[in-house]
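Please open the model in your viewer and keep the selection tool at hand. The tour below moves from one selection to the next and says what is found at each stop.

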Amino acid sequence: MPERVIDFGKFGARGVKGHELVARQLDELAGFVVTPVEQRRGLMARLNYLTRSEHARQAAHAAGLTVTDRTIRAWREGKRAPSRRNLERIESAYRAVRRQNVARYLLNRLNRQGRGTRVEFHPLNQSQVARPLQRVVEYRHLNVRRWDRIIGAWAADDHARMDDIWVGEVVQDLGSQWGQYEYVSSIGFSA
């Protein structure tokens with residue numbers, strides 16, 4: 001797209017790409033385990049989630065957790081501790097499986113039978129931009145009715161596709177000033 005920002009922050013503006021903030025908000029709505037995986041409680045919560053059913057085990061294996069049942073049993077009983085690399089695999093597999101499991105629920109809540117969800121766009125921070133170079137960027141809101149592709153990209157953890165969908169399908173609905181909202185200070189919505 002020719003109107004996308006190429007050199008963001010050149011004059012001191014600060015903000016985050018909108019799709020990253022949407023992904024963070026969706027992660028919050030997904031309700032991940034808060035306790036870090038390095039602590040025993042966090043490790044046990046993730047292992048229980050990843051091994052509670054055959055479907056969960058298969059999804060964990062597909063997400064990259066390829067250890068044997070014997071190893072998982074030893075971790076649970078405290079006979080062995082997972083290496084740093086395995087802790088990272090457990091965390092990434094847990095997040096991938098949790099996203100897949102929660103995606104359908106979030107999709108129903110955000111689409112709300114075609115009514116959609118109100119999304120608030122808070123403009124980027126221009127406090128460090130010299131006064132003559134500042135532009136007027138207002139707070140905006142938009143009712144997003146089609147969350148299917150956004151949730152699909154989020155569940156697959158595909159940031160490039162999520163960026164294309166967010167800017168190409170959602171932000172452009174703001175009208176002719178949509179380019180001012182590619183980078184924002186925050187995005188708010190709830191499910």
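Predicted model: local features only at pLDDT ≥ 70, side-chain atom pairs only at ≥ 80, totals over all residues.

**A tour by selection**

Begin by selecting Glu77, which counts as partly exposed because its relative accessibility is 47% (buried means under 20% relative accessible area, exposed over 50%, and partly exposed in between, with a 1.4 Å probe and protein chains only).

Residues are numbered from 1 along each chain as its sequence is written, and side-chain values use heavy atoms, with hydrogens and water left out.

Now show the whole protein chain as a cartoon: it has seven helices and five strands, where helices (H or I, at least four residues) and strands (E, at least two) are DSSP runs numbered from the N terminus. Along the sequence, their order is β-α-α-α-α-α-β-β-α-α-β-β. The C-alpha trace spans about 65 × 40 × 25 Å along its principal axes, and buried residues make up 41% of the 191 residues.

Next, select Arg84 and Glu38, which form a salt bridge whose closest N and O atoms are 3.6 Å apart. This pair links distant parts of the chain, since Arg84 lies in helix α5 (residues 84–111) and Glu38 in the loop between α1 (18–30) and α2, 46 residues apart. Arg84 counts as exposed at 54% relative accessibility, and Glu38 counts as exposed at 51%.

Stay in helix α5 and select Arg95 with Glu91, which lie four residues apart, about one turn of the helix. Their salt bridge brings the closest N and O atoms to 2.9 Å; Arg95 is partly exposed at 28% relative accessible area, whereas Glu91 is buried at 18%.

Finally, select helix α2 (residues 40–51) and helix α3 (residues 54–62), which pack at an angle of about 110 degrees with their axes 6 Å apart. The two helices are therefore roughly perpendicular to each other, a term that covers angles of 65 to 115 degrees. Where do they meet? Tyr49, Leu50 and Thr51 in α2 meet Ala56, Arg57 and Ala60 in α3, contact meaning heavy atoms within 4.5 Å.

Terms used: Axes fitted to C-alpha atoms, helices over the stretch in contact; angles between N-to-C directions. Parallel < 35°, antiparallel > 145°, perpendicular 65-115°, else oblique. Salt bridge = Lys/Arg side-chain N within 4 Å of Asp/Glu carboxyl O.
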